[in-house]
Amino acid sequence: MIRALFNYNIKTNRVLFVSLVLVMTMYYSIMISMYDPDSIDAIQAMLDAFPQEMISALGFTNFGDTLLTFISGYIYGFLIFLFPMIFTIVTNHKLIASLVDKGSMISIVASPHSRLKIITTQLLTSILMISSFFILTTILSMVVAELMFPHELDISMYIKLNLYTIVLYLAISSIVFFASSIANDAKTSLSIGVGIPVSFLVIQMLSGIGDQFKWLENFTMYTLFDPQKMIDGESFVNIGIATLLLISMLCYGASIYYFNKRNLYI
C-alpha cells in the first residue's frame, strides 16, 4: 500500500463519509424511535391502505414483531440502497476515473511505485471505506437501539445482518470500481458505475410489483440479498453470500488486470 496515496483518498472522501454516516444514523434513530410492539399492526394497516404494488416494490412487506425485524423491514428493504449506494458510487469514481479525467493519474503512475501497488492501494481503500461505513453505522445504530429499547435488539443477528450487507456492498463496490478502472473519462465511469447498480435496483423493484414480473428477479444480483431469509435461518443466504463474494473477487480482479494493461497517457 502507498501510504501517501491512501491518506489522500481518505482526505478526499472524508466529508462525504462523515455526512452520510450521520444521515444514516439519523434514519436509524428515527426508525428505531417509531418501534412499538403494540402499534406494529397499526403501521401495517396504514401501509395496507397504499397500493400493494408500491409497498412490495419498496420492500415494506414484513415488519415482524421484534425490534430486529422492524429495523430490517424499514431499513434493509429499500432505504439501504439509497445513501450507501451514493457513497459507494462517488467514492469508487474518485479513486481512479476522477484522477484519470483530471490527469492526476499520469503523475501517480510516473512515480517510483508500480501500477500494481497503485491499483492495490485504491482497491484496499475501496474495501476499507465501504466496510468502515457499515461498521460505524452498525455500532451507532446499536447504541441508539440500546438507549431507546434496552436489551430488545438481537445483537448477534443484527451484526450478522450487517455483515451480509457489507458483502452485498462489496459486490456493488467492485462493479463501480471496475467501471472506474476501465473509463477514460468521468462521464463513462459514472454512466457505467451508476447505470448497473441502479438498473439492478429498478429491476428488483419491478420484480416485487406482482407475480407477472416475478421472473425479473433472476436478472438482478439484489435477489441474493434477503434479510428476512437470514433472520429465518434459511440456507439460501449462504448461496447469496458466496455468489456476492465471487462477483466481488471477479470485478476487483478484472480491475487490477485492466489497469495494469491500459494506456493512461492518451
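Which residues do ring pairs link into a cluster? In this predicted model, the cluster consists of Phe17, Phe87, Phe133, Phe134 and Tyr169. The structure holds 16 aromatic pairs. A pair of aromatic rings is described by the distance of the centres and the angle of the planes. Phenylalanine 133 and phenylalanine 134 form an edge-to-face pair.

The charged end of lysine 229 sits over the ring of phenylalanine 236, 4.2 Å from the ring centre. Arginine 115 lies over the face of phenylalanine 259. Here the distance to the ring centre is 5.9 Å.

Threonine 88 belongs to helix 5, which covers residues 83-95. Its relative accessibility is 0%, so threonine 88 counts as buried. Beyond neighbours within four places in sequence, threonine 88 is in contact with Ile130, Tyr169, Ile172, Ser173 and Val176. Tyr169 is also a member of the ring cluster.

Isoleucine 139 lies in helix 8, residues 115-148. With a relative accessible area of 42%, isoleucine 139 is partly exposed. On the surface, Ile139 forms a nonpolar patch with Ile135, Val143, Leu147 and Met148. Together, the residues of this patch have about 470 Å² of accessible area.

How values were computed: Residues numbered from 1 in each chain as written. Predicted model: local features only at pLDDT ≥ 70, side-chain atom pairs only at ≥ 80, totals over all residues. Heavy atoms only, no water. Patch = residues over 30% accessible without salt bridge, like charges linked within 9 Å, V, L, I, M, F, W, Y side chains within 5 Å. Areas by Shrake-Rupley, 256 points an atom, 1.4 Å probe, with all protein chains shown as cover. Salt bridge = Lys/Arg side-chain N within 4 Å of Asp/Glu carboxyl O. Helix = DSSP H or I, 4+ residues; strand = E, 2+ residues; numbered from the N terminus. Buried < 20%, exposed > 50% of the residue type's maximum accessible area, 1.4 Å probe, protein only. Contact = heavy atoms within 4.5 Å. Phe/Tyr/Trp six-rings, centres within 6.5 Å; stacked < 30°, edge-to-face > 60°. Lys NZ or Arg CZ within 6 Å of the ring centre and 35° of its normal.
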